[in-house]
Structure formats: structure tokens, C-alpha cells
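Thanks for asking me to look this one over. Here are my notes, in the order I'd go through them with the model open on screen.

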Amino acid sequence: MDNPCSGYLVSSEDTRIWVDAGSGTLGPLQRHVRLDELDAIWISHLHADHSADLLTAYYGALYADIRLAAPIPLYGPPGIADRLAGFLTNTPARSPIESAFTVTELHDGHRAAVGSLQLTSRAVSHGIPAFAVRIEAAGKSLVYSGDTAPCPSLTELAEGCDVLLCEADSTEAPAEGEPVHHTPEDAGDTAGSAGAGRLIVTHVGRSLTPQQAVARASARFDGPVDYAAPSATFSIG
């Protein structure tokens, strides 16, 4: 009940990126960084539990007690600007999304430099346009799965990474249809196949406790396994 949806602050030196902006994440984010101190926002896909707080961030960026030096760089799936405008526009005139965000649409293999961080995005398997990201700085690497079924592009992206932050939403593989999430066992397998140094499970489904998810992932991965508890901080390197 006290766990916000997906949202993470990734920082290195003086660079700060808000990675996914699910419901309930903007408030905790502001304990660490104001919106006008962000160097970028990166969104994996447009399901509300990964993007809904962009709506509040839009109002905060334009109408709260801060002043943006420039719109915040926003990296997200194709159509993200129109999707935001569709929610925010209340008059015949389209809400000025671009006043708050400089939007760059992701594609498979997209690369970007944000301050001291290098970002590489890969398309992953979630039933809608969705992406994972590898974030690198000073020879260290974090890979975030977003939401996805196990897929070769995620394993390739995570090859040799120091930390894999991987969702584990499913209790078991679906009886019918294609999977769109990892189980904890899948997360362990992906981490092992990629040769990740460490696995952190996140987005754990309601039918599992974090402890159960960690134990099940650990049965398939020999490295350290942790859970991304709310407000937890992890250092890489």
C-alpha cells in the first residue's frame, strides 16, 4: 500500500535522471532532487504505472515555485508527446507540452549522452512499444528492464553489466498467450545469461512478497540478489 509504482533516480557526479515516472513517484523524487535540477527523464513505455506522474510533473515544471532554464529533456516511446497532450488538453488549444519537456522519441538502439551518463535503449517485448535502457558512467553500468518478457534484446543489452534492475511481476508464465513480464526465475535466468554482476528485482507482483521474489530469483542466479524497496539506495562500483 505504501509502495509507489515504477520510478527511479539514477545519478552520477552532477547528473540526475528520473527513470520511469509511475504513479506516486514524483513526491519521493522531490526529497532528492527538484524538477529543475533534473538533467533528463527516461520513460520505458506508456502504461500508467510507468508514466502517469509526468502529468503532475508538467504542472510542477510550469506552474510551481521553480523556473526551468530550459524544458526538461524527455526520452520516451513514439507518440509520448501526443499522449501527454491528450490527457492534459482541456481547451481547443493543445497544452504546450514542449514548454515543459523537450521530447525525443526512442527507437531500438537509440543512444544519448546526458551529462556524465551514456544511455543506450533497446526495444523489448511487452505487447506495446517498450524499451530497456543501459546507463553507463566511469566504466560502470546499470541496465533497467522496464516491463518485458524475457527476450534476446534485453539479454544483449545487459551483457556484462554491473547491475541488472529487472521487473518480476509474474508469479508464473501465462497458460495462454505470449508473456509480457518476467517471473522471478526469469529475472534470475536473464541475469545469469547476461553475466550480470548483481540482480535487483523490482515491480514484484502482488501475489509475491519481496522475500519470495528474491529467493526464487536466487535459485536461478549465483550472484547477489536484492529487492528495490521504496527509498532504497544502491551504489554501483
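The points below go through the sheet, the helices packed on it and some of the salt bridges.

1. Before anything else, keep in mind that this is a predicted model.

2. Start with the sheet. Five strands make it up, in the order β1-β2-β3-β4-β5, and the sheet is open with mixed pairing. The edges belong to β1 (7-12) and β5 (101-105); each has a single partner strand, so one side of each is left without a neighbour in the sheet. Going from one strand to the next, the twist averages 20°.

3. Next, zoom in on β2 and β3. Strand β2 (residues 15-21) and strand β3 (residues 40-42) run parallel, and three bridges join them. If you want a pair to click on, valine 19 stands opposite tryptophan 42 in β3.

4. Which strands does helix α3 touch? Helix α3 (residues 53-63) packs on the sheet and is in contact with β2, β3, β4 (72-76) and β5. The direction of α3 makes about 135° with that of β2. Helix α4 (residues 80-88) also packs on the sheet, touching β4 and β5, and its direction makes about 135° with that of β5.

5. On to the charged side chains. How many salt bridges does the structure hold? There are ten, and I'll pick out a few. Arginine 34 and aspartate 36 meet through their side chains at 2.9 Å, N to O. Arginine 34 has a relative accessible area of 42%, so it counts as partly exposed; aspartate 36 is partly exposed too, at 26%.

6. Buried or exposed, or something in between? Glutamate 98 comes out as partly exposed, at 39% relative accessibility, and arginine 94 is partly exposed at 39%.

7. Last, have a look at aspartate 108 and arginine 122, a salt bridge at 2.6 Å, N to O. This pair links distant parts of the chain, with the two residues 14 apart. Aspartate 108 lies in the loop between β5 and β6 (111-114), while arginine 122 belongs to strand β7 (residues 117-123). As for accessibility, aspartate 108 is partly exposed at 44%.

Notes
Residues are numbered from 1 along each chain as its sequence is written. This is a predicted model: local features need pLDDT of at least 70, side-chain atom pairs count only at pLDDT 80 or more; totals for chains, interfaces and linings use all residues. Side-chain values use heavy atoms; hydrogens and water are left out. Two strands pair if DSSP finds at least two bridges between them. Helices (H or I, at least four residues) and strands (E, at least two) are DSSP runs, numbered from the N terminus. Axes are lines fitted to C-alpha atoms, for helices over the stretch in contact, and angles run from 0 to 180 degrees between N-to-C directions. Contact means heavy atoms within 4.5 Å. A salt bridge is a side-chain nitrogen of Lys or Arg within 4 Å of a carboxyl oxygen of Asp or Glu. Buried means under 20% relative accessible area, exposed over 50%, partly exposed in between (1.4 Å probe, protein chains only).
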